[in-house]
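Welcome! Have a look at the model below, and then we will start with one of its loops.

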Amino acid sequence: MARRRFGGAQMAETMDVQKNQAADGPQPPMIGLGEPAPYFHVPALGGSPRYAFDSAAGRAILILFFGSAGQPQAAAALAAVQARRDLFDDEHACFFGVSVDPADAAEGRIAQQLPGIRFFLDYERNVSRLYGAEMGGSQYRPHWLLLDPMLRVMGIWPIEAATAALDALAAFARPLPLVETAPVLVAPAIFEPTLCRYLISLYEKEGGEESGFMREVDGKTVLVTDPQHKRRRDYTIADQQLQGQLALRIRRRLVPMIARAFQFEATRMERYIVACYDAEAGGHFRAHRDNTTKGTAHRRFAVTINLNAEEYEGGELRFPEYGRRTYRAPTGGAVVFSCSLLHEATPVTRGTRYAFLPFLYDDAAAKQREANNAFLDEGLGAYRA
């Protein structure tokens, strides 16, 4: 198999799949080198019943579409993974095996091993079909995929090439190739210091409520809470005059900078909240994207305006697809980024972090938001553009 150097790792050319298939006629396409891997949700063995694959970005990923672990070549490939167990630490690299055989889990042929080794239960073969492993009928195309931290395909091998796939992962993951800067805008002086103190005083006077996050459940967007995923309390600003003052500053001071940096004209703003991440409570928000449900698909840009940046430790923004660097705007300043970027708020380790956290979108997205009312859980209010 021909190779070429790329980013410090061997980049494998697409394998000759004709040698590994018996079916005649055109076959489903495989993902090409350098192309982004499609996102999906699927049950994970010993984990989430709807694992969000896109949340795994930020480390090198080796995927094995093996079909059934009862097949000798699949068993040999999985044994090769175990022989290199030290590679999979979830920080630099992780492994996902894709099973389409219910007997694999039932008979204990596969098992989750944390950190780093997980299995997807693709019994309906939707993921296999999406990636070109499922060829219809009894035909299956087992293969390895190597993905970079931005979930792009860096290597493709037939299942019997376990050594080549694992060696390429080892070369790619240590040290992990990092992009120095995420595509974000840092804009100081959006809110005045006196306004920042006033917003904090409102929170301290009124208190906040435990903050959840949106998730798709049975085709509906619902608000859920999970302290392992997110620990934050929010105060909702109901004073319309204050809302107007905050929107005025966003419109005059931040929107022009967003237009300059991203060529996007924001005309709408969602939610007016003062958010509180407290070290004592373990305040954090694990890696997520802000527009992955029908009820949040209209969101275009997320804004984090720090209200007291000098008064806490930890609590910074990180974008795992672009390395380990963290971002913190000064008090009154904003960090602005696309809602489709994977991001996290690292744990606050000392003190209390306060921030104003709106989402921005435009008139076209407002129509999209209204059209998606049918997909909102009954507990969420309908939107009118």
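## A loop to start with

D90 sits in the loop that runs between α1 (72–83) and β6 (93–99). Helices here are DSSP runs of H or I with at least four residues, strands are runs of E with at least two, and both are numbered from the N terminus. The phi angle of D90 is near 70°, a positive value in a residue other than glycine. D90 counts as buried because its relative accessibility is 16%; buried means under 20% relative accessible area, exposed means over 50%, and partly exposed lies in between, with a 1.4 Å probe and protein chains only.

A word on the model itself: it is predicted, so local features need pLDDT of at least 70 and side-chain atom pairs count only at pLDDT 80 or more, while totals for chains, interfaces and linings use all residues. Residues are numbered from 1 along each chain as its sequence is written, and side-chain values use heavy atoms, leaving out hydrogens and water.

## The protein as a whole

Stepping back, the protein has seven helices and 26 strands. Its C-alpha trace spans about 70 × 45 × 40 Å along the principal axes.

How much of the protein is buried? Of its 385 residues, 52% count as buried. Among contacts between residues at least 6 apart in sequence, 74% join residues at least 24 apart; a contact means heavy atoms within 4.5 Å.

## Strands side by side

Strands of a sheet pair through backbone hydrogen bonds, either parallel or antiparallel. Two strands are said to pair here if DSSP finds at least two bridges between them.

F213 has V224 in β13 as its bridge partner. Two residues lie between the two strands, and D218 in the turn has a positive phi of about 55°.

Elsewhere, five strands make an open sheet with antiparallel pairing, in the order β14-β18-β24-β21-β22. Its edge strands, β14 (230–231) and β22 (326–327), each pair on one side only. Within this sheet, β18 (residues 284–288) and β24 (residues 343–345) are joined by two antiparallel bridges, and F285 has A345 in β24 as its bridge partner.

D54 is found in the loop between β4 (51–52) and β5 (60–67). Is D54 buried or exposed? D54 counts as buried because its relative accessibility is 7%. Not counting residues up to four places away in sequence, D54 touches Y39, L151, R289 and L342. One of these, L151, lies in the loop between β8 and β9 (153–158). L151 is buried as well, with a relative accessible area of 2%, and its phi is near 60°, a positive value in a residue other than glycine.

G136 lies in the loop between α3 (126–130) and β8 (143–147). G136 is partly exposed, with a relative accessible area of 32%. Finally, P115 has its place in the loop between α2 (102–106) and β7 (117–121), and the peptide bond from L114 to P115 is cis, with omega near 0°.
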